[in-house]
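Student: Hi! Could you walk me through this one while I have it open on my screen?
Tutor: Happy to, let's go.

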Amino acid sequence: MPKTKIIEAENLTKVYKGKVKAVDNISFSVEEGEIFGFLGPNGAGKTTTIKMLNTIASITSGKATVAGQDVTKHPAKVRDVIGVVPQELTADDELNGMENILLSARLHHVRGDEAKKRASELLKLVDLDGAAGRRVKTYSGGMRRRLQLAIGLIHTPKILFLDEPTLGLDIQTRTKMWEYMSGLNKDEGLTIFITTHYLEEADGLCNRVAIIDHGVIKVSGSPSQLKERVGGDVLTIELTTGPDITDFLRSIPDVHDVVKTDQSYRIKLPKTEKALPAIVDGVTKKGLEIKEIAFTKPTLDEVFLEVTGKSMRDEDAGESESWVQNIMTERMK
Amino acid sequence: MFDETLALTNRALKKWVRNPFTIIPGLATSAFYLALFGNSFNPTNLVPASAGAAAKSAILSTTFGGAATYITYLTAGVICLIIVFNMSFGGIDIVLDRQLGYFNTLLTSPIPRASIYFSGVFQNLAKAMLLAVLTFVIALIIPDGLKLTSSFGILELLGAFAAFTLLGLGLSCIFTSLALLARSIDSLIAVVNFINLPLIFMSSSLFPSSSFPSWLQSVSNVNPISKADEAARILIVSGNPAANGMMGTFVGDMLYLVGFVVVMALLGYWAAARAMKPE
């Protein structure tokens, strides 16, 4: 039996102020009970997409439905069934953890003993039961993120939207967050829509991933399907200097493809071990000097490189220096 | 809608009360205006000592409505100023909520948009009214401060604070919507200063409008601050308005303030609804 599509976006486009195209004609669907990830660098259009699906950004053209409801025509019905964990750390500093979560319960019409019971369960789930009575200003960045996850779940939503939920966290806390999320997905069948620019997060957590760049979905599929696209290993050879040897490299048996950037050659091949001697031998015979040589098993970064022509890892720099950013940095400590 | 408005108002007030550094400057402003401005700009100081106490009280009687001291005259005006300042800058918390992302979490919640607006209105009103009460107390306890007449009773106290509350409510409606429209604290402060300073100087808060040039007088006469100021001052300076033949003026001022609240609430909500539309 085919699974129900719980989120559907058709030709979704968002243009800000008539000139900045943040999302450009994207279509995708999310099945009930899956973890679906939007992977892309800062400014790729991930947050804008989530905002449109969460009813807080208007849609310039196209259509989106969440839990069967059109986000433009029935925003209130959409808000009833979604949980949202924003990128920003929004829990109130001056309130304690329990007060923050109970406030969210009240705003989602979960009341009385039911609210208290659910709040306690969730704080326990994210290992914050011991800190529930402490003001949030004493929390670390990781504790704040865990609290926000609990806040987003207080009304037992059908779909949980998480915008960069592990941004700025150390690897241990990030791993813990992944455990919570996959536990919620497996144990409660919660559908999760996540945006991230962490390759490991998309790879390890998501059932399906859409790679987005400059507002366009470049490719989508399960992480293993996407990696298969790369077609085996990737060998990178950087030469000190010399002529273009792309054609020579392509002529070596087992080499699938070669892309040259400056003095670097990115060579796709099914198994590095098989073709490596022939490549090194050929380059040396041509009197060229190898400056650096490296090979990688396919990762989502390779997929990103394949579909966008650049590496995700090069795209991360450039955080804003505004005072808002400073406050967020302070809250992350 | 009521419950969500209450929940959000409660949240803001809890944050405010738990952070005393946000309350103390407000109280200091009241104390400075009453104790420092009230003494340094006291017009009776202009009367030479040789003219005697009678000349000083003649000034208070002719120009300041028969107030026992200048601070007695000034108290209603300072309370109005405190309300204006609090309303003006209370919006900063709303802009902060927007900039730090909290506002979006409210917009994704299944709550009426009106509850976001009205919680902003009521939280600022509650803060301002608490400071208004404390300002009144400060005025009573400072030396040569507020001297109430024997006919000032609980009804006069409630009447004066009803005038302050109406002023606060009307201003809160408009300043809350301005805060919702503002995208940065800088732009909010620029707009607010553009509005509140002329509003204060073209009112009878610090000095009687009868001493203003006629063009300024006509502006002051329609200024809601002057109306709240006048209504409260009638009670604070002279006690029971019926006994002083001032009931007509008092009722007229209060009706004007009710109209001001209705217009500001409608205008404010209209602007706020626009500010809360999907971006």
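Student: What does the secondary structure of chain A come to?
Tutor: Chain A has 12 helices and 14 strands. Keep in mind as we go that this is a predicted model.

Student: Noted. What size of box do the C-alpha atoms of chain A fill?
Tutor: Taken along the principal axes, the box is roughly 80 × 45 × 40 Å.

Student: And how many residues are in chain A, and what share of them is buried?
Tutor: Chain A has 333 residues, and 51% of them are buried.

Student: What about contacts in chain A between residues at least 6 apart in sequence: what share joins residues at least 24 apart?
Tutor: That share is 69%.

Student: Let's zoom in on A:Asp233. Where is it found?
Tutor: A:Asp233 belongs to strand S11 of chain A, which covers residues 233-239.

Student: Buried or exposed?
Tutor: A:Asp233 is buried, because its relative accessibility is 3%, and the cut-off for buried is under 20%.

Student: Which residues is A:Asp233 in contact with, leaving aside neighbours within four places in sequence?
Tutor: The contacts include A:Ile267, A:Lys268, A:Leu269 and A:Pro270. Also among them are A:Phe295, A:Thr296, A:Lys297 and A:Pro298.

Student: How accessible are A:Arg106 and B:Asp3?
Tutor: A:Arg106 is partly exposed at 26% relative accessibility, and B:Asp3 is partly exposed at 23%.

Student: Which residue does A:Glu121 form a salt bridge with?
Tutor: Its partner is A:Lys117, and the closest N and O atoms are 3.4 Å apart. Both A:Glu121 and A:Lys117 lie in helix H4 (residues 112-125) of chain A, 4 residues apart, or about one turn of the helix.

Student: What about A:Lys285 and A:Asp281?
Tutor: Their side chains meet in a salt bridge at 3.3 Å, N to O. Both A:Lys285 and A:Asp281 are in helix H10 (residues 272-285) of chain A, 4 residues apart, about one turn of the helix. A:Lys285 is exposed, with a relative accessible area of 69%, and A:Asp281 is partly exposed at 40%.

Student: Which residues do salt bridges that share partners join into one network?
Tutor: That network consists of A:Asp92, B:Arg11, B:Lys15 and B:Asp97.

Student: Where does H8(B) bend?
Tutor: H8(B) bends at B:Asn193, by about 25 degrees.

Student: And which residues in H8(B) are buried?
Tutor: In H8(B), the buried ones are B:Ile185, B:Leu188, B:Val192, B:Asn196 and B:Ile200.

Student: What lines the largest cavity?
Tutor: Its lining has 21 residues, and A:Val84, A:Ser104, A:His108, A:Ile151 and B:Thr105 lie nearest its centre. H3(A) gives the most to that lining, with 4 residues.

Student: Last topic: what volume does the second largest pocket have?
Tutor: About 900 Å³. The second largest pocket is lined by 43 residues, with B:Thr22, B:Ile92, B:Asp93, B:Leu96 and B:Lys127 nearest its centre.

Student: Which element gives the most to the lining of the second largest pocket?
Tutor: That is H4(B), with 10 residues.

Methods:
Residues are numbered from 1 along each chain as its sequence is written. Chains are lettered from A and ligands numbered from 1 in the order in which they are written. This is a predicted model: local features need pLDDT of at least 70, side-chain atom pairs count only at pLDDT 80 or more; totals for chains, interfaces and linings use all residues. Side-chain values use heavy atoms; hydrogens and water are left out. Helices (H or I, at least four residues) and strands (E, at least two) are DSSP runs, numbered from the N terminus. Buried means under 20% relative accessible area, exposed over 50%, partly exposed in between (1.4 Å probe, protein chains only). Contact means heavy atoms within 4.5 Å. The bend at a residue is the angle between axes fitted to the seven residues ending there and the seven starting there. A salt bridge is a side-chain nitrogen of Lys or Arg within 4 Å of a carboxyl oxygen of Asp or Glu. On a 1 Å grid over the protein atoms alone, a cavity is a set of points where a 1.4 Å probe fits but cannot get out, and a pocket is an open set with protein on both sides within 12 Å along at least five of seven lines; lining residues have an atom within 4 Å of a point. Grid points are joined across faces, edges and corners, and a volume is the space filled by probe spheres set on the points.
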